[in-house]
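Thank you all for coming this morning.

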Amino acid sequence: MIKATDKIWHNGTMIPWDEARVHVLTHALHYGTSVFEGIRCYDTPEGPAIFRAREHVRRFFDSCKVYRMNEFAFEQEDLLDALRELVRINNMAACYLRPIAFRGYGEVGVLALKNPIETYIACWEWGKYLGPEAIEKGVDVCVSSWTRLAPNTLPAMAKVAANYMNSQLIKMEAVLNGYSEGIALDASGYVSEGSGENVFLVRDGKVYTPPLGNSVLPGITRDSVIQLGRDLGIQFVEQVVPRELLYIADEVFFTGTAAEITPIRSVDKIPVGNGGRGPVTHQLQKEFEAILTCQTPDRYGWLTFVNSPKAVPA
Ligand code: PPE
């Protein structure tokens, strides 16, 4: 059960947690008309810092644009300020932030271009997504019998509620069969992504991940790992990944805001490499962690410090 915080941001004002309610005829409840983000704020030695706030807010606006939902009263800068203010007002150190915009109450029926767009941001404490041991030991996953969104059905680059019905099918099947997570293939049978994570494979020291054309969310953790890894001299290739590469890879791992960098130790009960966390995965985890704990200079301006006046890097 989620632990309530004090305030939720709604259309520009802070309201009490318990008052963030919607009508049962809210368009989004019936038709999935909602766009959202998931962002982590880390408790760094220099105070709470939101990870890649700018990129998350940009993707939020991009998702809205795809669904013609971008007639906001807000600019991206306003949401960046709201994220910081929310962490401050709730006295949070580390937390997960969830901006959401949806078509609200008004017309009923599929087309509801005149319904108001309601924007909220909530935050709460969220621990390890795939269990406390996952980051070190890795998780057991399956290839899902469900296919990821075909590109001409639901656009995977938009982070919208409707896409997560497909994610739920993938996740429920995996968990009910005793796995932690499922990896879905795309409509052509190539590796796509997890229900809520991007996927990477390592073979002979080279790191592979499916390109955006394979129905994947343009993950911000995915992008961060590629940049940090390239700086370490690791070779990254975005290329179409056949399913069987999952079975013969030396290492496989997930990336995501919630999952961070989570090693995968088996796929369909076939051990990945030696069946534990591999060296490349570990190296990337350490580099990622170093940024989040301010041990390594924040050379890309990825941290938005909640309490400092010039908090949002350009
Ligand atoms: N693919 C999907 C389908 C996805 O939902 C996520 C994030 C990613 C890839 C990774 O993207 P990024 O967070 O930008 O690195 N999934 C979010 C939702 C988790 C949830 O259960 O809700 C998340 O990690 O916050």
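Predicted model: local features only at pLDDT ≥ 70, side-chain atom pairs only at ≥ 80, totals over all residues.

Residues are numbered from 1 along each chain as its sequence is written, and side-chain values use heavy atoms, with hydrogens and water left out.

Let me start with the largest pocket, whose volume is about 730 Å³. On a 1 Å grid over the protein atoms alone, a pocket is an open set of points with protein on both sides within 12 Å along at least five of seven lines, a cavity is a set of points where a 1.4 Å probe fits but cannot get out, and lining residues have an atom within 4 Å of a point. The volume itself is the space filled by probe spheres set on the points, which are joined across faces, edges and corners. The largest pocket is lined by 37 residues, and F36, Y96, R98, K159 and Y164 lie nearest its centre. Helix α5 gives the most to this lining, with 6 residues.

Turning to the ligand, 22 residues are around it, of which Y96, Y129, Y164, T221 and T257 come nearest; being near here means having a heavy atom within 4 Å. An oxygen atom of the ligand lies 2.4 Å from a side-chain N or O atom of Y96, and for the side chain of Y129 the corresponding distance is 2.5 Å. From A258 it is a backbone N or O atom that lies 2.8 Å from an oxygen atom of the ligand.

How many cavities of 30 Å³ or more does the structure hold? There are 2, and the largest, at about 50 Å³, has T221 and T257 among its lining residues, along with F288. The second largest cavity holds about 30 Å³ of space, and its lining includes Y129 and A258.

Helices are DSSP runs (H or I, at least four residues) numbered from the N terminus, and the expected span is 1.5 Å times one less than the number of residues. F288 is among the buried residues of α8, as are L284 and I291, where buried means under 20% relative accessible area with a 1.4 Å probe, protein chains only.

How values were computed. Buried < 20%, exposed > 50% of the residue type's maximum accessible area, 1.4 Å probe, protein only. Helix = DSSP H or I, 4+ residues; strand = E, 2+ residues; numbered from the N terminus. Polar contact = N/O pair within 3.5 Å; in protein donor to acceptor, adjacent residues only side chain to side chain.
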